[in-house]
Amino acid sequence: MTKLITIDPSDVRKPGVLTAPEIPINAYVSDPTAEAAKYGTDNLVRIYRDMVYIREFESMLDHIKKEGAYQGIEYNHRGPAHLSIGQESAVVGQAYHLTPEDFIFGSHRSHGEILAKSFSAIHKLDDDALMAIMETYMDGVALRVVEDFPHASVKDLAIDYILYGALAEIFGRIQGFNKGMGGSMHAFFPPFGVMPNNAIVGGSADIATGSALFKRINRKPGIVIANIGDASMGCGPVWEAMMIAAMDQYRTLWPEEIGGAPPMLFNFMNNFYGMGGQPVGETMGFGVLARVGMGVNPEAMHAERVDGYNPLAIIDAIERKRAILEAGRGPVLLDTITYRFSGHSPSDAMAYRTKEELDLWRSQDALIGYREYLLENGHADERALDAVHEAFIERLARVLAAAVSLETSPRVDVHTDAIGEMMFSNQRVERMEEREPEVLIPQEESRLKVTLKKNRFGLDADGKPLPKLRCVTYAEALFEALMHRFYIDPTMAAWGEENRDWGGAFGVYRGLTECLPYHRLFNTSISEAAIVGAAVGYAVSGGRVVAELMYNDFMGRAGDEVFNQMAKWQAMSAGVLTMPLVLRVSIGSKYGAQHSQDWTSMVAHVPGLKAYFPATPYDAKGMLNLALSGTDPVVFFESQRLYSEPETLVEGGVPTGYYEVPEGEPVVRRPGGDVTLITLGATLYRGLEAARQLEERYGLSMEVIDARFINPLNYEPLVASVKKTGKVLLASDASERGSFLHTMASNLSQLAFDYLDGPVAVVGARNWITPPAELEDGFFPQPEWIIDTLHERILPLPGHTPTTRQGVERIVALNRAGM
Ligand SMILES: Cc1ncc(C[n+]2csc(CCOP(=O)(O)OP(=O)(O)O)c2C)c(N)n1
Ligand SMILES: [Mg+2]
C-alpha cells in the first residue's frame with residue numbers, strides 16, 4: 001500500500017527563498033496589576049516559597065559536600081551533587097501549571113526540578129490523593145519516617161515526605177524514591193510526574209520523546225518536558241529526538257483523531273555553560289540557542305528564548321506552549337536562560353569564569369529580584385518572607401538528620417543479591433492496558449491467511465527440502481509472533497527505519513501495514529539513538545514497544561540508549577518502572593565490514609539486558625512470543641542468513657498456535673556422545689554439517705547444542721553434555737576475541753573441569769574486518785574449522801590432515817600480532 005505523498009518535480013524545482021518565523025526573545029512584559037489579578041497573592045508568595053526551599057535545599061547539600069555539615073548535622077556524602085543554585089526561578093516557573101499528568105524528564109542537575117514539580121503536585125492534589133500516594137509508594141517506607149514530624153496539614157507532611165524521599169535517594173538509602181539505586185543524578189518520583197533524570201548529557205531528549213509518543217498514541221492527558229542543558233545541543237541524540245518529535249507524518253498520515261504531534265517540549269535550561277565549556281562563543285555556533293528551532297521544521301518548533309530569571313515569564317511561556325502541544329502542533333523548543341552560581345559540582349575550581357561575571361549575575365539573583373517584586377507590589381512584607389526562610393531551615397535540618405542516620409535510613413544490604421534481583425522485573429503481562437487494540441482488519445483477513453497455510457516444516461517425508469516459498473520461514477514465524485501480540489496488547493507499537501511500506505528492513509513486518517494504523521507501526525527518521533531512546537521512554541511510561549535496528553552494526557549509533565538507558569532504568573528505579581521493550585537487531589553477512597558484525601558479546605557484557613538469539617523458525621516464533629509477553633528489555637538478535645529459511649530441525653515444524661520457548665534453556669539439536677559443540681546463531685547449521693562429517697569420516701558422534709539464549713542462560717544442560725563427552729567446542733559468527741563464547745568457555749571450564757579431557761576450544765570469526773561476500777568463507781567459521789580445531793587442540797583424529805591452522809601456537813601468534 002503506497003502512502004500517496006507525491007513528490008512533484010515542478011514543485012520542488014521552483015526557485016524561491018525560505019523564510020523562517022520570528023523567534024521571540026525575552027518577550028514577556030511584566031504587568032504587576034494583571035499578574036496580581038491573574039495569580040493572586042497566595043500563589044505569588046508560594047512561588048517565592050518554592051524558590052527559597054529549593055535554594056536552601058541545594059545550599060544545604062553544598063555545605064554537606066564542602067564542609068561536611070549543615071546546621072550542626074555532620075555527614076560525609078561520597079556521591080555527586082550537581083547543584084542548581086541560581087536556577088530556581090526557572091524550575092518553579094515551569095512547574096507552576098504542570099499537573100502530575102504532565103511528565104518531566106531531566107538531567108544530572110535536576111534536584112530543583114524534582115522539588116518544584118513535586119511542590120506543584122502537592123498544591124494541586126487533594127489530601128486523600130496525597131495520602132494514598134505516600135502510603136502506597138514503596139509500601140510507605142518514607143512516610144513512616146516523616147509522619148511524626150510536626151506538620152500543620154497533609155500538604156505540609158507531603159512536603160517533608162518529598163524532601164526526605166529526595167534526600168534519602170541522594171544519600172543512597174532504602175527509603176529513597178528509588179531505594180538509593182539512582183542517587184543524586186537519577187532520582188525521580190513518578191506519582192508526581194517526575195520521571196527519570198539522566199546522567200548522560202541530553203539522554204532525556206529521546207526518552208521524553210518516547211514518553212510523549214506514549215501519551216499521544218494511547219490518548220493520555222498531559223505534556224512531556226525534557227529538561228536538558230544548553231550544552232546538550234551538541235549531542236546527536238538530542239537532534240535525533242527533535243527529528244522524531246517533528247515528523248510530518250503526525251499531520252499527514254496518522255489518523256486525525258489521534259490529535260497530531262506528540263506533546264513534546266524540549267526545554268533547554270540555558271545556564272551558558274557545559275561544565276567549563278561555553279556553548280556561546282566557544283563550543284557551538286548558534287549564538288542564541290532558540291535559533292536551532294528554525295532548522296527543525298517550518299514552525300521553528302515555536303521556539304522562544306524566555307527569561308528564566310523571572311518565574312512569571314516562564315509560567316506564561318509554559319501556559320502558551322501547553323496550548324500548542326495539546327493542539328498537536330508541537331514540538332516546542334524553549335531556550336530558558338538562567339545561570340548557576342554553584343560550580344558544575346562542588347569540587348569545581350571555577351577556573352573557566354571570572355568573579356566579575358558571577359557578581360553580575362548575583363546582582364540580578366532571581367530570588368532577590370522576585371522578593372523585591374513581592375514587596376514592591378504589596379504581596380508580603382519583609383518579616384513574612386524572612387519567616388518562610390527561617391522556618392524552612394529548621395524543617396530541613398530535621399529531614400536531614402533523619403536522612404543521614406543509618407539507623408533511621410539504612411542502605412540496601414550489598415552483601416545479598418538485592419541489587420541483582422532488581423535488574424529484571426520477570427513479569428508476564430498479556431496486555432499493558434485493558435482495552436481493545438486498534439487494528440484495521442481482523443486477523444483472519446491478514447497475511448496470516450497465507451503463512452498459516454504454508455508447510456510448517458521444510459522437509460518432506462524422505463527428509464528432502466520442500467520449495468522454500470511453500471514453507472513458513474524464520475521471518476514469517478517472527479511475523480506471526482508480532483501479529484499475536486499486536487492483536488492482544490493495545491499499547492503495543494513498533495517503529496524503526498522502513499517499518500511500514502517496506503515491511504521492516506528484511507520483510508518481517510510484511511503484512512502488518514495492512515493490519516495496523518499508522519500510530520501503531522511507523523517509519524522514523526534514520527535516528528538509531530532516538531529510535532531506541534524513544535522506545536525506552538514509551539516503555540517506562542507504560543507501553544509495550546518493539547524497535548528495530550536494521551543491522552547490529554548500527555547499534556553503535558544507539559550505544560547509550562541500549563547500554564545506559566534500556567539496560568538501566570528498571571534497576572535504577574528499584575523496580576518502580578518496567579521495560580517491556582523488544583529491540584530487534586539483525587545480524588548480517590555479505591555486506592562487508594560495517595554490515596556483518598555480531599556484537600552479542602557487548603550486549604552480554606552490560607548488566608540489565610536480556611538477550612535472545614533464535615536459530616530456527618520454531619524458536620524465532622516461540623522466543624519472540626516469550627519476549628513480547630514479558631516486561632524486561634530484550635535485545636532480540638536475528639540472523640539475515642536465516643530469514644528465508646524454513647524449519648528443518650524441530651519435528652512438526654512451527655506450530656500455528658501460540659507457544660513460548662522456556663527462557664534461558666539451550667536445546668540439543670543433534671544428540672551425540674563423543675564431543676560437544678555449542679553454537680550461537682546461524683553457525684548452528686555449519687556446526688551440524690561438521691557433526692555430519694565427523695561421523696562420516698571419523699565415526700565420532702558430536703552433540704550439537706544451540707545455546708539460543710545469551711542472558712539469562714542455564715548452564716546445567718551444557719554441563720551435563722560436557723560431563724558425558726569430556727570434550728567441548730563453541731562456535732559462533734562473532735569475532736573470536738572477546739566473544740560471548742569465551743564467557744561460556746570460561747564458565748564451562750570451571751563448572752566441568754573434572755570431566756574435561758582437554759581444553760575448551762572456541763571457534764569464532766576472524767579478528768579483522770568482514771571482507772566482501774566473495775571472501776567471507778575465510779572469515780566466518782566453517783565446518784572444516786571446527787573439525788580442525790578438534791583435531792589440533794582436543795582430540796587428534798587419526799589420518800586427519802588439517803586444511804586450516806587452528807593449533808595453540810596460532811593463538812599465541814595471532815594475539816601477538818593483534819589479530
Ligand atoms: C554524554 C556525556 N558526555 C559528557 C558528560 C560529562 N558531563 C556531565 S555534565 C556536563 C556538562 C553538561 O552541560 P549542560 O548540558 O549545559 O548542563 P548543565 O551542567 O549546565 O546543567 C558534561 C560534559 C556526560 N555526563 N555525558
Ligand atoms: Mg549548561
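1. Strand β11 (residues 545-549) and β12 (residues 581-587) run parallel and share five bridges; two strands count as paired if DSSP finds at least two bridges between them. On β9 (residues 493-496), Gly-496 has Glu-548 of β11 as its bridge partner, and β9 pairs with β11 in the parallel sense over four bridges. Helices (H or I, at least four residues) and strands (E, at least two) are DSSP runs, numbered from the N terminus.

2. A word on what you're looking at: this is a predicted model, where local features need pLDDT of at least 70 and side-chain atom pairs count only at pLDDT 80 or more, while totals for chains, interfaces and linings use all residues. Residues are numbered from 1 along each chain as its sequence is written, chains are lettered from A and ligands numbered from 1 in the order in which they are written, and side-chain values use heavy atoms, with hydrogens and water left out.

3. How many residues of β11 are buried? Five of its five, where buried means under 20% relative accessible area, exposed over 50% and partly exposed in between (1.4 Å probe, protein chains only). Val-545, Ala-547 and Leu-549 point one way from the strand, Val-546 and Glu-548 the other.

4. On to the magnesium ion (ligand 2). Its protein donors are Asp-230 (OD), Asn-271 (OD1) and Tyr-273 (O), at 2.0 to 2.1 Å. Asp-230 belongs to the loop between β5 (224-229) and α9 (236-245), and Asn-271 to the loop between β6 (264-270) and β7 (304-307), so the pair ties together parts 41 residues apart in sequence. Both Asp-230 and Asn-271 are buried. Keep the cut-off in mind: donors are N, O and S atoms within 2.8 Å of the metal (3.2 Å for Na, K and Ca), and water is not among the atoms, so sites may look incomplete.

5. There is also an open sheet of six strands, ordered β4-β3-β5-β6-β8-β7 with parallel pairing. β4 (194-197) and β7 are at the edges with a single partner strand each, so one side of each has no neighbour in the sheet. The average twist is 25° from one strand to the next. β5 and β6 are joined by six bridges, and Ile-228 stands opposite Phe-268 in β6.

6. Helix α8 (residues 203-217) packs on that sheet, touching β3 (103-106), β4, β5 and β6, and its direction makes about 175° with that of β5. Thr-209 is in α8 and is buried, with a relative accessible area of 1%. Leaving out residues up to four places away in sequence, Thr-209 touches Ala-241, Ile-244, Ala-245, Met-264 and Phe-266; contact means heavy atoms within 4.5 Å.

7. Helices α2 (residues 32-67) and α13 (residues 366-376) pack at about 140°, with axes 10 Å apart. Axes are lines fitted to C-alpha atoms, for helices over the stretch in contact, and angles run from 0 to 180 degrees between N-to-C directions. The contact includes Leu-44, Tyr-48 and Arg-55 of α2 and Leu-367, Tyr-370 and Arg-371 of α13.

8. Asp-316, in α11 (residues 311-326), has a relative accessible area of 17% and touches Tyr-28 and Tyr-39, not counting residues up to four places away in sequence. Ile-393 is in α14 (residues 382-404); its C-alpha is 8.7 Å from that of Tyr-53, 340 residues apart along the chain.
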